[in-house]
Amino acid sequence: MGKLKTIAVLTSGGDAPGMNAAIRAIVRAGIYHGMTVVGVEKGYEGMINGQMRILRSNDVANIIQRGGTILRSARSKGFRTPEGRKQAYENLIKFDVDALVVIGGDGSFMGAGIFSREFDIPCVGIPGTIDNDMYGTDYTIGFDTALNTIVDTVDKIKDTASSHDRMFFVEVMGRGAGFLALQSGIAVGAEAVFIPETSGISQGQSLRDYLDNERNNKAKNSHIILVAEGNDLGNANKIAEMVQTEYPEFDVRANVLGHMQ
């Protein structure tokens with residue numbers, strides 16, 4: 001392949017803070033190097049449906065500070081099929097696209113790898129996921145912002161916990177990886193952290209050991225315990241209900257941070 005003349009960019013999977021900054025950098029760097037940059041809306045699904053447009057420098061003005069993604073994102077069942085990928089490739093050819101930049105997570109990269117092998121089109125992946133579960137990079141786009149959002153929110157919850165002598169189970173994102181829960185737990189000084197990488201049996205026993213010690217010694221008046229959504233023991237509401245039943249002397253609450261991350 002000779003010099004690239006036209007590249008396409010899309011965001012796929014869950015949105016992550018910083019995606020717009022990445023889009024802006026790609027568009028302006030591409031234009032600087034004399035390339036045409038095509039924006040694909042709604043990820044792979046938009047590539048299949050032909051939702052594509054040429055992006056110019058002013059199209060990405062004033063987006064660097066915005067969350068989400070101006071190209072929008074969507075899951076695509078169609079891209080999982082050979083027919084869907086063929087349609088996507090034909091739409092790229094209509095714009096004379098020489099290469100594709102995919103901003104997303106592991107599922108998005110897996111799709112890009114299959115697509116690249118089938119149609120011999122170069123694909124570059126920019127890791128964008130708040131879970132930070134991508135091999136080969138220290139921090140993925142969105143992880144630091146999500147981490148700071150959790151820290152800021154838990155700091156506020158701690159005020160209520162200490163005021164009312166309560167135990168809070170705070171659920172954060174992390175279906176298959178516990179990076180967010182672990183690092184935010186360290187940052188806020190949580191008493192315990194539940195992550196998917198550890199078995200539910202061992203975490204359950206550790207929790208009971210901790211609660212037994214607190215019940216006997218009453219060393220602390222408030223407790224913050226972070227729960228990654230994908231841990232084996234269960235979600236924050238389930239764990240809080242279990243603890244309240246087995247240890248009625250504690251005033252237990254659950255808080256799910258959800259999509260604010």
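**Exercise 1. In which helix is the place of Met19?**

Solution. The structure is a predicted model, in which local features need pLDDT of at least 70, side-chain atom pairs count only at pLDDT 80 or more, and totals for chains, interfaces and linings use all residues. Residues are numbered from 1 along each chain as its sequence is written, and side-chain values use heavy atoms, with hydrogens and water left out.

Step 1. Helices (H or I, at least four residues) and strands (E, at least two) are DSSP runs, numbered from the N terminus. Met19 has its place in helix H1.

Step 2. Met19 counts as buried because its relative accessibility is 0%.

Step 3. Contact means heavy atoms within 4.5 Å. With neighbours within four places in sequence left aside, Met19 is in contact with residues including Thr11, Ser12, Ile103 and Ile141.

Step 4. Gln87, by comparison, is 68 residues from Met19 in sequence and 26 Å from Met19 in space, C-alpha to C-alpha.

**Exercise 2. Describe the protein as a whole.**

Solution. 

Step 1. Eight helices and nine strands make up the secondary structure of the protein.

Step 2. The C-alpha trace spans about 70 × 35 × 25 Å along its principal axes.

Step 3. The protein has 261 residues, and 46% of them count as buried.

Step 4. Accessible areas come from the Shrake-Rupley method with a 1.4 Å probe; for residues, only the protein chains shown count as cover. The accessible surface of the protein is about 13,200 Å², and 49% of this belongs to carbon and sulfur atoms.

Step 5. Consider contacts between residues at least 6 apart in sequence: 72% of these join residues at least 24 apart.

**Exercise 3. In what order do the five strands of the open sheet stand?**

Solution. 

Step 1. Two strands pair if DSSP finds at least two bridges between them. The order is S3-S2-S1-S4-S5, with mixed pairing.

Step 2. At the edges are strand S3 (52–55) and strand S5 (123–127), each of which pairs on one side only.

Step 3. Axes are lines fitted to C-alpha atoms, for helices over the stretch in contact, and angles run from 0 to 180 degrees between N-to-C directions. On average, neighbouring strands of this sheet are turned by 25° against each other, direction ignored.

Step 4. Strand S1 (residues 6–11) and strand S4 (residues 99–104) run parallel and are joined by five bridges. Val9 stands opposite Val101 in S4.

Step 5. Helix H1 (residues 19–32) lies across S1, strand S2 (36–40), S3, S4 and S5, and runs at about 160° to S4.

**Exercise 4. Is Ala112 buried or exposed?**

Solution. 

Step 1. Ala112 belongs to helix H4 (residues 106–119).

Step 2. Ala112 is buried because its relative accessibility is 7%.

Step 3. Not counting residues up to four places away in sequence, Ala112 touches Tyr44, Val102 and Cys123.

**Exercise 5. Which strands form the edges of the four-stranded open sheet?**

Solution. 

Step 1. Four strands form this sheet in the order S7-S8-S6-S9, with parallel pairing.

Step 2. The edge strands are strand S7 (192–194) and strand S9 (251–256); each pairs on one side only.

Step 3. Neighbouring strands here are turned by 20° against each other on average, direction ignored.

Step 4. Three bridges connect S7 with strand S8 (residues 223–228). Phe194 has Val227 in S8 as its bridge partner.

Step 5. Helix H6 (residues 179–188) packs on the sheet and touches strand S6 (166–172), S7 and S8, its direction making about 165° with that of S8.

Step 6. Helix H8 (residues 236–246) lies across S6, S7, S8 and S9, running at about 175° to S9.

Conventions:
Buried means under 20% relative accessible area, exposed over 50%, partly exposed in between (1.4 Å probe, protein chains only).
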